Amino acid sequence: MAANYWASTQRRHWLFTREKLAEVRDKQREKDMVAHTQFPLPDQRMLNIYFSQQLTKLGKKTSTRQQALATAQIYIKRYYTKNEIRHTNPYLVLATAFYLACKMEECPQHIRLVVGEARSLWPDFIAPDVSKVGECEFSLISEMSSQMIVHHPYRTLTELQRELALTSDEVALAWSVINDHYLTDLPLLHAPHVIAVMAIIVAVVFKPSQAGFHGSAAPALAGAMREGGMNMLTALGDKSGSGPPPRIQKLIGWLAESEVDIRAVVECTQELVSLYEVWEQYSEKNCKELLARMVKTQHLDK
Amino acid sequence: MAVSPLVSHSPSAASSSPAKLRAANVRSSATKPENASSHQPSQNTDRELTEQLNDEVRQKYVKDKRLGEGTYAVVFLGRLRTDPSSFVAIKKIKVNAEYKDGLSMDAIREVKYLQELSHPNIIALHDVFSSKDQNLNLVLEYLPLGDLEMLIKDGNVHYGAADVKAWMGMLARGVWFCHENFILHRDIKPNNLLIASDGEVKLADFGLARSFADPYLNMTHQVITRWYRPPELLYGARQYSGVVDVWSMGMVFAELLLRVPFVAGNTDLDQISKICEAFGTPTEENWPGVSKLPNYIAPDRNHLVPTQGRDFFLRQFPNAGPVGADLLMSMCTLDPRKRKTACEVLQHIWWTSEPRPTDKHDLPRKSGGTRKMGDDLTRRGGEIDENAFKNAARKLDFSAM
């Protein structure tokens, strides 16, 4: 974390409205209808899940911090708001975003190491020549207008942990929810503190049934949220009956006094619910094959 | 961009226009031969668009003469095409030299932080663009009056306490702003303090800067040019705070007063012993926990130098006055926990006591600064110019006190 979010390039240049983001993507489609018909790709969120899993593999091999992986995911999102994915080799973009994010989050890895590990993971898509990543880095920086500092929700979560007296299970679950939000468009749509508050609410309302969440919260939450998730917040406000348990009441009290945009928090929750729904249809094989066909047919790996 | 409550100082209205570089690289390296694709035409328009945007930025400036060249950058004088009287400095980072290894951390850090910071005492980054040979170009604020080192070293330049106070004030505000934004500069020294045409001091060279680490995460101790490096870094501390920069500020303060570097060690070890001689030997008594630092050297019990008090600073820096000596002492406290923070430094009564700081327009100046700017902007972080002070004269003009 650095600098002030409210004055940051992230807030001024990389925060979209839902409409604006849809418009950007529609434009990309219109520009190259042929490629879009020729190379159908899964839902954006499916691709994000696939990318995130691949990045996690790369991160594990190099024991990289979660925060750098999160930054890399943001870079990929930003990059593909400016570039048609069907004109790129996503594996090269992935490796490069990872390489740059590591430098940015002060845990730099040597370019040779990154290329070596990427090559061992995706031998068909990464050339042994490190200068490809070097070139791609240059392009990535330029597409992001050299605006590289990313503010993440993790810090807000840590800061609110004491204030809201969150248990370690709740923090762990909220942390996983934050990890999951990178699989959606939320980082391009909302401020990090809104995401953090959403993650805390989700974690506190849906008591974690098992301890220790590292990675995704999906298995624990998908079912619970489907049952009552959509109306969760309305239910919280419902004063009938015995009312919500004191723990949740306390959180509601805090929220009411805070100036956090509740409407945005609700929207984020819904986005997360629908992510978990989509997730059930996720197929790694399908993503892999469609991407491979797209890259190989167009020789984008050369 | 962290906007300071004060002015924004871009030479052009659209300073934050997106710096579009050569975007086509990934695609150019990743696309198949030109004629083999059915959707090639649209790809070309796409590529042209991004290049066009970069060209627009590039076209805003005219490159003039070369000001300096270092190991990783060349600096040119430039000017706005629309207004030839407004100058900029264009720092071209030599990408090709290290292309195989990706962009250097220095370059990345510089762009990363200057993109976000906007303050009158921090060098402004107006634009970023790429040139034809695929080099990154940073369009920086033009600072034609050289740097503080140049003024300190030139015996013909006379300055007094009020001038020192004005310079230190501008430095302290710049450092405070960095820390307020959770950024450590980690290379504060006189030749990174550049001077604008109106006399304003600007903190430059963010090649070693970084964000505050998350609690308990380690940082490197191999930062800050040796003479300005605080004892905790010399002892190898991996967790430290903004007060590392405050120590450097203290050293700059001392140097401004003495006109030679106050503690100028030849090696890191020599630097530690010189600090001990000057300020006192760090012990568990005056600095709890110091002996646990990785490179701590147990002092010779027979040669313990007691921690220096106010008298020492007053004797050593008579031109600082008692209040100034007190401030300097609080900036050079051995134990980083007891050292003043940048914010506390700004709250010291020295600033409001007599003499008032000189107005920036009336500060002593010297010509030939453009060349110096070229040198300063091309140097790599942490480098010492060992010969810099060979002929430094101890000349001070206290008539202004």
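What percentage of the 302 residues in chain A is made up of buried residues?

1. Buried residues account for 49% of the 302 residues in chain A. A residue is called buried if 20 or more other C-beta atoms lie within 10 Å of its own, exposed if 12 or fewer do, and partly exposed in between, with C-beta atoms placed from the backbone. The model is a predicted one, in which local features need pLDDT of at least 70 and side-chain atom pairs count only at pLDDT 80 or more, whereas totals for chains, interfaces and linings use all residues. Residues are numbered from 1 along each chain as its sequence is written, and chains are lettered from A and ligands numbered from 1 in the order in which they are written.

2. The secondary structure of chain A consists of 17 helices and zero strands. Helices (H or I, at least four residues) and strands (E, at least two) are DSSP runs, numbered from the N terminus. Among contacts in chain A with a separation of 6 or more, 79% involve residues 24 or more positions apart; a contact requires C-beta atoms, placed from the backbone, within 7 Å.

3. Chain A is divided into domain 1 (5-150 + 283-298) and domain 2 (154-279), with bounds from an automatic or database domain assignment. Domain 1 of chain A contributes 17 residues to the contact and domain 2 of chain A contributes 13 residues. On the side of domain 1 of chain A that touches domain 2 of chain A, α2 (18-31), α4 (44-61) and α5 (66-82) each supply at least two residues. By class, that side of domain 1 of chain A has eight nonpolar, four polar and five charged residues. Here Ala, Val, Leu, Ile, Met, Phe, Trp, Tyr, Cys and Pro count as nonpolar, Asp, Glu, Lys and Arg as charged, and the others, Gly among them, as polar.

4. The largest nonpolar core has 184 residues, of which Ala95(A), Phe98(A), Ala199(A) and Ile200(A) touch the most other members. Both domain 1 (5-150 + 283-298) and domain 2 (154-279) of chain A give residues to this core, so it lies between them. Such a core is a set of buried Ala, Val, Leu, Ile, Met, Phe, Trp, Tyr and Cys residues joined through C-beta atoms within 7 Å. Not counting residues up to four places away in sequence, Ile200(A) touches Leu157(A), Leu160(A), Leu164(A), Leu166(A) and Ala174(A).

5. Helix α16 (residues 262-279) of chain A has 18 residues and reaches 26 Å from its first C-alpha to its last, close to the 26 Å expected at 1.5 Å a residue. The expected span is 1.5 Å times one less than the number of residues. The buried residues of α16(A) are Val265(A), Cys268(A), Thr269(A), Leu272(A), Leu275(A) and Tyr276(A). They cover an arc of only 115° around the axis, which puts them on the same side of α16(A); the arc is that of the directions from the helix axis to the C-beta atoms.

6. Ser146(A) lies in the loop between α8 (131-143) and α9 (154-163) of chain A and is buried, with 24 other C-beta atoms within 10 Å. Phe182(B) is in the loop between α5 (161-180) and β8 (183-184) of chain B and counts as partly exposed, with 17 C-beta neighbours inside 10 Å.

7. In chain B, a cis peptide bond joins Glu354(B) and Pro355(B), with omega about -10°. Pro355(B) lies in the loop between α11 (342-346) and α12 (369-378) of chain B.

Definitions and conventions
Contact = placed C-beta atoms within 7 Å.
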